[in-house]
Structures are given as C-alpha cells and as structure tokens.
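This report describes a single protein chain for a reader who has its sequence and coordinates at hand.

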Amino acid sequence: MDKIVILGYGGHGKSVADSIIRQGKYEIAGYTDNEDKQQDNITYLGSDNKLEEIFASGVANAVLGIGFLGKSLIRDRIYEKAKNIGFLFPAIIDSTASVAIDAIINEGAFVGKRAVVNANATVGKMCIINTGAIIEHDNRIGSFSHIAVGATICGEVTIGDHCLVGANSTVIQGIQIGNNATVGAGSVVLNNINDFEKVVGVPAKLVRS
C-alpha cells in the first residue's frame, strides 16, 4: 500500500485521516505541523522543513490537513512547496460519500462524510467538500474552494477559485459566483456574486465588495 503524509494536523486533518483510513488506498506515514499534536497514534514527522526528507524516504503522496477558514493562503503555500518537491496529491473521498460515475474530482480534493457530488459535476483541485455538503448536477467548483458542512449547491452553479460557501447555506440553481467570494453560514443565494464579494442572510445580501 502506498504511503501518504498529512500536511498540517488540526481538526480538519483528523477528518482527513479518518477518511484515508476508510478509503483504504493509502497508509498514513505521519503528519507534518509546527508542533507535535500527540494525538490519534499518527506519527509526527516534523515541520514542513522535513518535506524533502520525507519525500526522499519514499513517501510520494500528500494531502492537506489544513482547513480553509483563515488559512487559504497557508494552504496555497504548502501545496506549492510540496508540489515543487515532487509530491502527488490524490483526491481523498470518504467511503460514506456518494460521487456520481461521471463526476470529476480533481487533484487533492477532499470529499467528506455523507457528502454528495452528483452527475456531471466537477470539483476543482484542492477543494474541500465538507461533511454532508451537496454538490448537485452540472456544478463547477473552482480550485481551492471550500463548500462547508451541510451546504447545498443546486444544479448548474459555477463557483470560482478560493471561495467559501458557509455551513448550511444554499445556492440556488444557475448562480454564478466569482473568485475569492464568501457566502456566510446559513445564507440563501438568489443572485450572482462577483469576485471578492461577501454575502450573508436570507436572502443573501452584499456586506463586502
């Protein structure tokens, strides 16, 4: 079984680790972080400065264990560093998730417990589709975006890169959401959202542009 290293090990990292074990494709070699979390019997391998050494030891696969909130730029930086070393980033799909046969899950994406990715949907690289989120048919989710716990993205929606769609929010069919946009938790999106805009509420209204 090929080995995989988890880059960062907070709360999201624990969820990723559990899904890796459920998926049964990879053996977890350990994790990197700024400090030893001393949890879950997963080996601490050191900080990110150890990545070249870890790769040279024969661990060719990596996954980000860092969540999105407040850490989007950190996720980007660590991904680029690991890619430049040569690590591969396989998609991690929890065994309880439901992914359509023709859905496309790109490099390094994480699909969590009981999430749904329906027919002809595309999930961009390094996305997080979190617990119970629903990605309906013909959706396009951009790279490094996070669809949070329980969010529902109705059919034929396009979401740009580095976006956050908050927990239990709903985006209705056909909506276009630009890059770096934020949808607050529990919101209902009825209109398109431009780059860098933040909307909240029911219906969702602009609070930042």
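Thr-32 has Gly-46 in β3 as its bridge partner. Strands here are DSSP runs of E with at least two residues, helices are runs of H or I with at least four residues, and both are numbered from the N terminus. Strand β3 covers residues 44-46, runs parallel to β2 and is joined to β2 by 2 bridges. Two strands are said to pair if DSSP finds at least two bridges between them. On the β1 side, 6 bridges join β1 (residues 2-7) to β2, and these two strands also run parallel.

The model is predicted: local features need pLDDT of at least 70 and side-chain atom pairs count only at pLDDT 80 or more, whereas totals for chains, interfaces and linings use all residues. Residues are numbered from 1 along each chain as its sequence is written, and side-chain values use heavy atoms, with hydrogens and water left out.

Helix α1 (residues 11-23) forms a right-handed β-α-β unit together with β1 and β2. Right-handed means that, with the strands pointing away from the viewer, the path from the first strand over the helix to the second runs clockwise. Strand β2 (residues 26-32) is mostly covered, with 5 of its 7 residues buried. The accessibility classes are buried (under 20% relative accessible area), exposed (over 50%) and partly exposed (in between), computed with a 1.4 Å probe on protein chains only.

## Overall dimensions

The chain contains 3 helices and 23 strands. Its C-alpha trace spans about 50 × 35 × 30 Å along the principal axes. The radius of gyration is 17 Å, which agrees with the value near 17 Å for a compact globule of 209 residues. This quantity is taken over C-alpha atoms, and the globule rule is 2.2 Å times the number of residues to the power 0.38. Of the 209 residues, 47% count as buried.

An open sheet of 5 strands has the order β7-β10-β13-β16-β19, with parallel pairing. Its edge strands, β7 (104-105) and β19 (176-177), each pair on one side only. Strand β16 (residues 158-159) is joined to β19 by 2 bridges, and the two run parallel. In this pair Thr-158 stands opposite Gln-176.

Strands β22 and β23, by contrast, run antiparallel and are joined by 3 bridges. Val-200 has Lys-205 in β23 as its bridge partner. The hairpin of β22 and β23 has 4 residues between the strands, and Gly-201 takes a positive phi near 105° there.

## Cavity and pocket

A cavity is a set of points, on a 1 Å grid over the protein atoms alone, where a 1.4 Å probe fits but cannot get out; a pocket is an open set with protein on both sides within 12 Å along at least five of seven lines, and lining residues have an atom within 4 Å of a point. Grid points are joined across faces, edges and corners, and a volume is the space filled by probe spheres set on the points.

The count comes to 1 cavity of 30 Å³ or more. The largest cavity holds about 40 Å³ of space. Its lining includes His-12, Arg-75, Phe-110 and Met-126, and divides into 6 nonpolar, 2 polar and 1 charged residues. In this scheme Ala, Val, Leu, Ile, Met, Phe, Trp, Tyr, Cys and Pro are nonpolar, Asp, Glu, Lys and Arg are charged, and the others, Gly among them, are polar.

The second largest pocket has a volume of about 200 Å³. Of its 16 lining residues, Leu-69, His-146, Ala-148, Leu-164 and Ala-167 lie nearest its centre. The lining has 8 nonpolar, 7 polar and 1 charged residues.

## Backbone exceptions

Most residues other than glycine have a negative phi, and most peptide bonds are trans. The bond from Val-202 to Pro-203 is cis, with omega near -10°. Pro-203 is placed in the loop between β22 (198-200) and β23 (205-208).

Asn-120 has a positive phi, near 60°, and lies in the loop between β9 (116-117) and β10 (122-123). Asn-120 is partly exposed, at 33% relative accessible area. Asn-168 also has a positive phi near 60° and lies in the loop between β17 (164-165) and β18 (170-171). Asn-168 counts as exposed, with a relative accessibility of 55%.
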